[in-house]
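Could you walk me through this structure, one selection at a time? I have the viewer open and would like to know what to click next.

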Amino acid sequence: MFLYNLTLQRATGISFAIHGNFSGTKQQEIVVSRGKILELLRPDPNTGKVHTLLTVEVFGVIRSLMAFRLTGGTKDYIVVGSDSGRIVILEYQPSKNMFEKIHQETFGKSGCRRIVPGQFLAVDPKGRAVMISAIEKQKLVYILNRDAAARLTISSPLEAHKANTLVYHVVGVDVGFENPMFACLEMDYEEADNDPTGEAAANTQQTLTFYELDLGLNHVVRKYSEPLEEHGNFLITVPGGSDGPSGVLICSENYITYKNFGDQPDIRCPIPRRRNDLDDPERGMIFVCSATHKTKSMFFFLAQTEQGDIFKITLETDEDMVTEIRLKYFDTVPVAAAMCVLKTGFLFVASEFGNHYLYQIAHLGDDDEEPEFSSAMPLEEGDTFFFQPRPLKNLVLVDELDSLSPILFCQIADLANEDTPQLYVACGRGPRSSLRVLRHGLEVSEMAVSELPGNPNAVWTVRRHIEDEFDAYIIVSFVNATLVLSIGEDCGRRDDALVQVYPDGIRHIRADKRVNEWKTPGKKTIVKLVYFEMDPSGQLNEYTERKEMSADVVCMSLANVPPGEQRSRFLAVGLVDNTVRIISLDPSDCLQPLSMQALPAQPESLCIVEMGGTEKQDELGERGSIGFLYLNIGLQNGVLLRTVLDPVTGDLSDTRTRYLGSRPVKLFRVRMQGQEAVLAMSSRSWLSYSYQSRFHLTPLSYETLEFASGFASEQCPEGIVAISTNTLRILALEKLGAVFNQVAFPLQYTPRKFVIHPESNNLIIIETDHNAYTEATKAQRKQQMAEEMVEAAGEDERELAAEMAAAFLNENLPESIFGAPKAGNGQWASVIRVMNPIQGNTLDLVQLEQNEAAFSVAVCRFSNTGDDWYVLVGVAKDLILNPRSVAGGFVYTYKLVNNGEKLEYLHKTPVEEVPAAIAPFQGRVLIGVGKLLRVYDLGKKKLLRKCENKHIANYISGIQTIGHRVIVSDVQESFIWVRYKRNENQLIIFADDTYPRWVTTASLLDYDTVAGADKFGNICVVRLPPNTNDEVDEDPTGNKALWDRGLLNGASQKAEVIMNYHVGETVLSLQKTTLIPGGSESLVYTTLSGGIGILVPFTSHEDHDFFQHVEMHLRSEHPPLCGRDHLSFRSYYFPVKNVIDGDLCEQFNSMEPNKQKNVSEELDRTPPEVSKKLEDIRTRYAF
Amino acid sequence: MSFKREGDDWSQLNVLKKRRVGDLLASYIPEDEALMLRDGRFACAICPHRPVLDTLAMLTAHRAGKKHLSSLQLFYGKKQPGKGMEQNPRPQNELEREETKAEAPLLTQTRLITQSALHRAPRYNSCCRRKCRPEASRPSVSRPPLPPPEVELPSGQIGRDPEPGAGPQAEESAAVSSPAPVSPTRRRALDRYLTLRSSGWIPDGRGRWVKDENVEFDSDEEEPPEPPLV
């Protein structure tokens, strides 16, 4: 078995975000890392939409990311710290739309190790040096400079190592143009290590250490170190030099402290807390991320607490001495992994979990009633300030980037009866979790819908002048009239110059109502071509010669006029005789046929577009054009052909075919993200566009359209105006590049698993959160706090206190933004929800008691109770994760009643450990209780244990069954094959795996084969060899106790590894399914970071051979961006076996043309043939 | 790496040769004369004390031993000799040919007859998958406690109940076993046996069912459920 890995949707969670002028223009961009992906985003300052310019998979783990700019430069570079043991400096090339690796310096071993640098990066604010640090001991400083040709240079590394030292955070201190300085949060553990009494360990303090790079002596010195009172978690650098007082802010538990050299005293301010917070008051509060905004005249910091509250931090200075830290509550947004404040006044929030947001900073919060807290205010030690959280006041949400991260569980099924299966994805965390239904298609946002007097047959848009940016009029054509709508304030009929085509001829109506008319010579079907040109004066000129065609003309298309030219080069004509001809429009050989292509059916519509060009604007601001010309041919049988049109000879080559729908295909040219695209309409509408050097043909998730045209206005620069029956619709397609459109239904707690009730198609979801209160406990605590408030008040304040308590009880801030109260370690809350997946409404909800955590769910029937369906939920009681302890568990049994809409409680069965896996098995159930595998039957008062196996190694995390075989996944020891012997009522282990795998999920591929994923991001397929005997017996001698004990004594038969592959993200669901109707089966996986991918089998040896060679050549010709070797990345934990990485192969399309040519020559093919092969294998299995 | 032998110690070579031959011949150990255990070891099914042996070689050695041979006589003395002789005239001819050479003709004959009657692929040969086991009684059957007479069944068929999704192996063996159809009463009895057995009832050898003490039952469940009336 050989498999090919394809990513359907890349990871969506963000681990780092930096901003800067990466393309070298005035515009600011954001670079985000998504684990192993580097992505460049550009927020459009006019519309506030965030566009993705470039996504690159780097085949390595990005551990740190920083932007820097050389002194006096205008362009920012990107420094990447990864697991490659190398520091990499990247530059964004806007002309080629790619990241270029400028420097790659090797300094250590690859992998995420504790003493190999890469975990922390800090740059000197003036861009003169960069420090890369490991978690322990090693720190390297590179000096950055420019050479005579103004190219960036990098020095050899300077060491700043200190043994026995742990590093928590590193920043570059802004010291102006003095020697570059770096501040580190460190801890020296040498003494603690050598003191057996443990006294030193208790006294070890964290230190703030400054490292100075002496540019004159070219070495790094440990300049100054100071022990800290509180344990810091991160540092914020304060602008220095001419911009501010310099120094650092240390964020620690409950406090933020300012520190600097010299006479500067420490300034310390407590972190304010929410008034009447349900959280444990003993719990400390920390800042988790920050963003700095600096202009010429001022600077401030935005820092976010772990509850999501953002504070604006300002410093008061007196002659370069900081005298006061001021904090002001700004707003509350979901907890972020990173924040960026842009010059245009946007705040980009890369959420820790769930969707990311772009906010407009509408107010700086300077002049409102919000109290400002200051370090100068006298407070007792341990006391703090309080504030009242409120809905957004200073920020305005402008854009939301969908993120599935984290995906906890996914099932693929056609529950909505739509032919194409949907993906039901349980994602999110805590109160921000949701169940999302993903469907293949592009999301359409409807900007306007207006009814028209009749059913129009066509619509166009025109500009007032060719140089106008926006369209001025929409022209709607009816059978017997033309309606002109002006875009803007007055939408009504307008008269202006236009060309009317009617059955007998053409009428050119000019603005002053003069009419030029041209009548066709007699009534006949079109077999002649007449060519008109409009001269600069607006006169319509007919070309003297006419072209006779051999058959009736059904459709035509003119290419757009290339910039700087008078006319377009080609005309494509589709004829009744199933051919398309390309005709020259060059004045020298006007109307001469150039080429012809036969078609499988009659053409319906043609469209010549220029696509695939990466260059959108060159340095002079002129629109460049290095894309290819494509002729799109829509056939009457619903097929779309895309053919490359040679820009010189007009030859047609490299045809790609795709079936779109049952109706004839109509094509329309539209603009999408500055490039041309084709809207193809059949029974479904599709958009064919080029996005990040790959062609996408994606259906629109919208109703059937009849006619469309591109549309540009101020509000919607790249829209579409379309007709659907008697309505005119203005649509926008904003999420280009997205494969799925999603519908989200909110959930209360983190969804862990769900099952589908096969009769009603309802979902039964278990949601469980650690560190959370149940609704009942929350209400109780609230009540208790309200009572305390009243009691604490003095006699005369009673009434006021009661009022406040009532207000507090009524206050209801949405937990999805403000977060749920944190209940503390070992506190669990769970619900069981029955949900209709189509409407998304909750049909039934069972709240479990506080500290009952649901871990497993199954829906099944028992052979002794007939046709009733039962839901079994495995619940742990009082589970403490670390150090692990559990007070036991229960299996709740519910009967599904009301057509699977209600849960009727039957009984609960106590068990000794966590029941983490339940699977129906031969009319009974198999339950994994800790390490015990048991068969239970339904009893009257509880489930009855019928059989047990105690030989599973650690903890059963999943159970799959097929026939008499049971495949148990252990949390640490891979798979164990068990056979149930009915006549002896025994579960006997007969085979296991030879590798330790920390299995997260598994899926059976056939009777002997199982696919599994582990928590380190690997997918494997293991198979029992053909001579496996599953009829082994237990040792009959009875001296088993002596010999059979011990974990090393595994089963005698071992599974064989069929394939191994490192995905790079933890895979939490695997399913064998078909994604497109009529497609072949593939193994679909979803990852914790929100990615969705598939593994597809090769059907022929030639294909496998071909892709193996593509992969091999790309590994050498196109090595990964951050310096990690591709083969070693894919072999991170187990050597990669029998899998070809399609993500790498598809990077063929983004290689430079000459390299593409080299690689394809090696393969005895042409570049279009290779990319066609790549496209074919993708469309055969998915989208 | 090379497996070429060095040296000329003939005794060692002979030992190796013998071991190799032993390994090759081990596949002729009849299926019901040994049990393969969960941990890959083997138990001799002939000897009443069920010795467990770590490797095939040791099993072979054990099988050549005096104790084993005496048990063998005991074991086959219980069995009905010549069970499949009438149905298998051909193997009998083969037997006759070999008979002359055998030292213990009766014993060898009995053994060979049983073996041919069962006529299946060697069990322990890793190159061969056991596919066709017609009417084979599995080793487990010979293990005590024997079910009471009315439910004494070839459990080899029980295991091969054709069930959905049991895979190609099961289907094949089901196809093979189909020539000997089970009468409906017998099938009902069989089903009942399996149902009771899998829900934790144990036959006590006197025609009654007792509760397995490791299995849970409903508190009002004193007797095994009655067989359904047909």
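Keep in mind that the model is predicted.

**Stop 1: chain B.** Select chain B and switch to a cartoon view. It holds eight helices and five strands. Trace the chain from the N terminus: the elements run α-β-β-β-α-α-α-α-α-α-α-β-β. Of its 230 residues, 37% count as buried. Now show the surface of chain B. Its accessible area is about 14,600 Å², and carbon and sulfur atoms supply 56% of that.

Stop 2: Colour by secondary structure: 52% of the span is strand and 3% is helix. The end C-alpha atoms are 11 Å apart.

Stay in this span and pick A:Glu316 and A:Arg326. Their side chains meet in a salt bridge, 3.6 Å from N to O. A:Glu316 sits in strand S26 and A:Arg326 in strand S27, so the pair ties together parts 10 residues apart in sequence. A:Glu316 is partly exposed, at 29% relative accessibility. A:Arg326 is partly exposed too, at 25%.

Stop 3: Select A:Arg729 and A:Glu446. They form a salt bridge of 3.3 Å, N to O. The two residues are 283 residues apart, with A:Arg729 in strand S62 and A:Glu446 in strand S37.

**Stop 4: two domains of chain A.** Colour domain 1 (749–1030 + 1048–1065) and domain 2 (1098–1181) separately. Their C-alpha centres lie 40 Å apart. About 1,100 Å² is buried between them. Now click A:Asn1060, A:Tyr1061 and A:His1062: in domain 1 they lose the most area to domain 2, together 53% of what that side buries. How many salt bridges cross this interface? The rule finds zero.

Stop 5: Finish with A:Asp1103 and A:Arg1180, a salt bridge whose closest N and O atoms are 3.7 Å apart. Helix H7 holds A:Asp1103 and helix H11 holds A:Arg1180, so the pair links parts 77 residues apart in sequence. A:Asp1103 is buried at 9%, whereas A:Arg1180 is partly exposed at 32%.

Key:
Residues are numbered from 1 along each chain as its sequence is written. Chains are lettered from A and ligands numbered from 1 in the order in which they are written. This is a predicted model: local features need pLDDT of at least 70, side-chain atom pairs count only at pLDDT 80 or more; totals for chains, interfaces and linings use all residues. Side-chain values use heavy atoms; hydrogens and water are left out. Helices (H or I, at least four residues) and strands (E, at least two) are DSSP runs, numbered from the N terminus. Buried means under 20% relative accessible area, exposed over 50%, partly exposed in between (1.4 Å probe, protein chains only). Accessible areas come from the Shrake-Rupley method with a 1.4 Å probe; for residues, only the protein chains shown count as cover. Domain bounds come from an automatic or database domain assignment. Buried area is the accessible area (1.4 Å probe) that two parts lose on being put together, summed over both. A salt bridge is a side-chain nitrogen of Lys or Arg within 4 Å of a carboxyl oxygen of Asp or Glu.
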